[in-house]
Amino acid sequence: MSEPPATAGRPAPETPRSGSAGVRTSLAGNLNRRRLKHGWSLRELSAATGVSKGLLSQIERAEANPTVDVLVRIADALGTNCTDLLRQPLLRPEIVRAAELVEPEDETSVTLLYSGHEQGRMEIYRTRLHPHAQSQVSSHGADSVEYVLVMSGQVTLVVNDVPHLLDEGDTARFAGLSSHYYTTEESPAVTHTIVGYPRD
């Protein structure tokens with residue numbers, strides 16, 4: 001992959017941001033589902049966390065704003081983490097309009113489209129390469145996997161110094177830890193790339 005993209009080139013998703021009430025509602029549902037999955041009552045969760053049954057009940061009713069310490073204790077007891085407890089569902093599609101992307105005509109541009117934590121962290125990129133361009137040499141963490149789809153044009157994917165020519169519509173996947181970059185020849189190209197990381 002190329003250099004980390006600047007967020008200025010990415011339009012805001014067409015989804016309103018939830019306020020604190022939305023976060024409390026998400027926490028309430030996530031906590032309730034995980035507690036029931038463990039087969040625990042509020043009293044049993046209280047005993048496992050040291051958090052009062054009353055406060056746990058308020059959290060599950062989306063009426064409380066628990067401290068970070070309380071969230072960590074609950075997450076540890078349920079075998080999860082605070083990110084999972086606070087995860088908000090996508091209530092509406094998040095749409096990025098291609099016509100609204102900021103892509104200067106005289107340079108390669110990379111735009112982060114989405115970043116998620118559904119089954120472990122993932123990042124989705126759109127990359128536009130001009131003729132005779134080369135992305136920066138890059139690599140990702142251990143156990144990461146990179147997927148690329150050539151949307152238009154033709155690119156050469158170079159992984160550990162071995163070139164692989166990809167035409168429009170071709171896809172490839174490879175270990176993200178490998179040293180890699182993309183190049184073009186006479187024509188420009190656009191790729192969509194997903195980088196998946198293991199759950200921490």
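**Entry 1: ground rules.** I am working with a predicted model, where local features need pLDDT of at least 70, side-chain atom pairs count only at pLDDT 80 or more, and totals for chains, interfaces and linings use all residues. Residues are numbered from 1 along each chain as its sequence is written, and side-chain values use heavy atoms, with hydrogens and water left out.

**Entry 2: layout.** I looked up the secondary structure. The protein has five helices and eight strands. Helices here are DSSP runs of H or I with at least four residues, strands are runs of E with at least two, and both are numbered from the N terminus. Along the sequence I read α-α-α-α-α-β-β-β-β-β-β-β-β.

**Entry 3: surface and contacts.** I checked burial next. Of the 200 residues, 38% are buried. Buried means under 20% relative accessible area, exposed means over 50%, and partly exposed lies in between (1.4 Å probe, protein chains only). The protein exposes about 11500 Å², and carbon and sulfur atoms supply 52% of that area. Accessible areas come from the Shrake-Rupley method with a 1.4 Å probe; for residues, only the protein chains shown count as cover. Then I turned to contacts (heavy atoms within 4.5 Å). Among those with a separation of 6 or more, 68% join residues 24 or more positions apart.

**Entry 4: salt bridges.** How many salt bridges does a search of the whole structure find? I got eight. A salt bridge needs a side-chain nitrogen of Lys or Arg within 4 Å of a carboxyl oxygen of Asp or Glu.

**Entry 5: arginine 34 and aspartate 84.** I looked at this pair's side chains. They meet in a salt bridge at 3.7 Å, N to O. Arginine 34 sits in helix α1 (residues 20-38) and aspartate 84 in helix α5 (residues 82-86), so the bridge ties together parts 50 residues apart in sequence. Arginine 34 is partly exposed at 25% relative accessibility. Aspartate 84 is buried at 8%.

**Entry 6: glutamate 103 and arginine 128.** Here the closest N and O atoms of the salt bridge are 3.8 Å apart. Glutamate 103 is in the loop between α5 and β1 (109-116), arginine 128 is in strand β2 (residues 122-129), and the two are 25 residues apart. Both are buried. I also noted a network of salt bridges that links Glu103, Glu105, Arg126 and Arg128.

**Entry 7: glutamate 123 and arginine 121.** Their side chains form a salt bridge at 2.7 Å, N to O.
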